[in-house]
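Subject: Structure handover and notes

Dear colleague,

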Amino acid sequence: MTLRDLCPALANKAYFNYGGQGPLPDPALEAIIASWRTIQELGPFSLAVWPFVERETTRVRDALAGLCGVAPHRLALTENVTSGCVLPLWGLPWQQGDVLLISDCEHPGVVAACRELARRERLQLATLPVQQLCRSTPAALLPDAVLASLDQHLSANTRLVVLSHLLWNTGAVMPIKAVAERLRDHPRQPWLLVDAAQSMGSMPVAEAAAAADIYAFTGHKWCCGPEGLGGVALSERLLEQASPTLMGWRSLRHEADAGSPWHRDARRFEVATSCLPLCSGLATSLELLAAEGSPEARLAGIRAASGQLWQGLQAIAGIHTVLSEPPTAGLVSFALQSAESSGLDAGCPPGSTPGQGLTAKHAAVVRQLGERNIWIRQLDDPESLRACTHITTTSAEIDQFLAALTEAV
Ligand SMILES: Cc1ncc(COP(=O)(O)O)c(C=O)c1O
C-alpha cells in the first residue's frame, strides 16, 4: 500500500492544502490510539509507564533531529511552528535598540510575536524584502538576489534575521545556509530564525536546520503527523545564551527540584505535561514517509506534481502564477488576472458583493472548488490562491483540479 492509500482524508476528495495541514495516515492514528491504551494499561502515573514515555519521546526526538542533521540534544519538542519560533526567540539576551530584520513573507503569528518582543524590549523592526524578488528573479539567480537584499538591509544594529526556508505565500526556497554564513561575517553575528513550517517534510532540511539558530517546524503539515506536536532545532550558541521563557518541570535538569538549573540542552524549552501519544503518531508518520524514499527523492516527486500543476495553470486564460517558473517545491500560488475580467460575480461568497475585488473573487473560487470536493486555499499577501502537491498527489487529481478551475474562471 502506498502512503496515499493509507490516508482516509485523501480517499474522497482532491486535496491540495498540505501547507495548511497534511492528512494523517491510518497507521499513525492507530499508533496514537495504541499509545494511549498502553499508558492506561501500564498505569497513567506509575513507575511502569515512564520507560514507555521515555522510549516514545526519544523515538520522535531522534527521528526529527536526524532529519534536521543535528544531535538530539539540539532538538526541543514543541506544540507547533509558532511556539518553536517564539519560545527560544523571547529567551535571547536583547539590548534596547537591537534591530529585528524580518522578511516580508513571514507568517502573521511569527511577525506579531516579533512586534510584541520589540515593544517590550524596545527593539527596532526592519523589513527584508524578498517577495518581489521571488516574482521577478529566475530560481537559479534567486539565492544571490536574496543575499544582495540581505546585504542592503543589514545594519550595524541588526541582531536577528527572520526568514522562512520555503516561503508559504510565493512557494520560493530561500538560501538559508548562505544567509547563515553571511550573518556569521557581520560584526554582531545576528541570530537566524527560520520558520520551517513549509519545508520540514517536503524537502531536505538538514543543511538549513543545522545552520540556523532557531529552525522551527510542526509535524502536522508536510510530515503528515497529528496536530499538536512540532519541534525546533537550536544552535549550540543559542543553547548557551538563551533562557527559557515559558518554563516548567520539563525545563529543569532535576524535575523535582525548583532550585535546579535548566537543562543545558534544548529541553530547557520544553515546559510540562503534553500529549505523549502524539509522539507515537508523528514517529509513525515519519517512518511511513521515509519508506516512500529519501527526502531528495520525495522532493523530486513533489516537484514533478507541482510542475504539472504550474504548467497547467499557464494554459488557463485569466490566471497568472506568482512564480514565473515551475516551483522548486510543492507550493503553487496563482491569482486571477483581474477582478473585472474573471467573470466570477455570480459565485461571490455570502456577504460579498459583485465587483468587490480580487479577494472576493478568490474566495468564490475556493468555495466553488470546495463544492466539488477540491480543496485549495486563499492567501492575503500577495492576494492569491495556493494549491500544494505532496508525494500523495496524483496526476489525475491535478487534471481534475485544472479542469474545475478552468470552468470556475
Ligand atoms: C509559514 C508558516 N508559519 C507558521 C504557521 C503557523 O503554524 P502553527 O499553527 O503550527 O504554529 C504556518 C501555518 O500555516 C505557516 O504556514
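Two residues are said to be in contact here if their C-beta atoms, placed from the backbone, lie within 7 Å. Helices (H or I, at least four residues) and strands (E, at least two) are DSSP runs, numbered from the N terminus. Please keep in mind that this is a predicted model, in which local features need pLDDT of at least 70 and side-chain atom pairs count only at pLDDT 80 or more, while totals for chains, interfaces and linings use all residues. Residues are numbered from 1 along each chain as its sequence is written.

I begin with two helix pairs. In the pair formed by H3 and H4, the residues Thr82, Cys85, Val86, Leu89 and Trp90 of H3 meet Gly109, Val110, Ala113 and Leu117 of H4. The axes of helix H3 (residues 81-90) and helix H4 (residues 108-121) come within 10 Å and cross at roughly 20 degrees, where axes are lines fitted to C-alpha atoms, for helices over the stretch in contact, and angles run from 0 to 180 degrees between N-to-C directions. H3 and H4 are therefore roughly parallel to each other, given that angles under 35 degrees count as roughly parallel, over 145 as roughly antiparallel, 65 to 115 as roughly perpendicular and the rest as oblique.

The other pair joins helix H1 (residues 26-42) to H10, with axes that come within 8 Å and cross at roughly 150 degrees, which makes H1 roughly antiparallel to H10. Among the residues of H1 that meet H10 are Pro27, Ile32, Trp36 and Ile39, and the H10 side includes Leu276, Pro277, Thr284 and Leu288.

The domain assignment of the chain gives domain 1 (40-289) and domain 2 (295-408), with bounds that come from an automatic or database domain assignment. The contact between them takes 17 residues from domain 1 and 19 residues from domain 2, and helix H5 (residues 131-136) gives the most to the side of domain 1 that touches domain 2, with three residues. The C-alpha centres of domain 1 and domain 2 lie 29 Å apart.

The largest nonpolar core has 125 residues, of which Val194, Ala212, Ile214 and Tyr215 touch the most other members. Helix H10 (residues 276-291) gives the most to this core, with eight residues, and the core draws at least three residues from each of domain 1 and domain 2. Such a core is a set of buried Ala, Val, Leu, Ile, Met, Phe, Trp, Tyr and Cys residues joined through C-beta atoms within 7 Å, and a residue is buried if 20 or more other C-beta atoms lie within 10 Å of its own, exposed if 12 or fewer, and partly exposed in between. Leaving aside its neighbours within four places in sequence, Ala212 is in contact with Ile176, Ala180, Leu192, Val194 and Ser235.

Finally, some backbone details in loops. Gln189, in the loop between helix H7 (176-185) and strand S6 (191-195), has phi near 45 degrees, a positive value in a residue other than glycine. Asn373 lies in the loop between helix H12 (358-371) and strand S11 (374-375) and has phi near 65 degrees, again positive in a residue other than glycine. Gln189 is partly exposed, with 13 other C-beta atoms within 10 Å, whereas Asn373, with 12 C-beta neighbours inside 10 Å, counts as exposed. The peptide bond from Asp381 to Pro382 is cis, with omega near 0 degrees, and Pro382 lies in the loop between strand S12 (377-379) and strand S13 (384-388).

With best wishes
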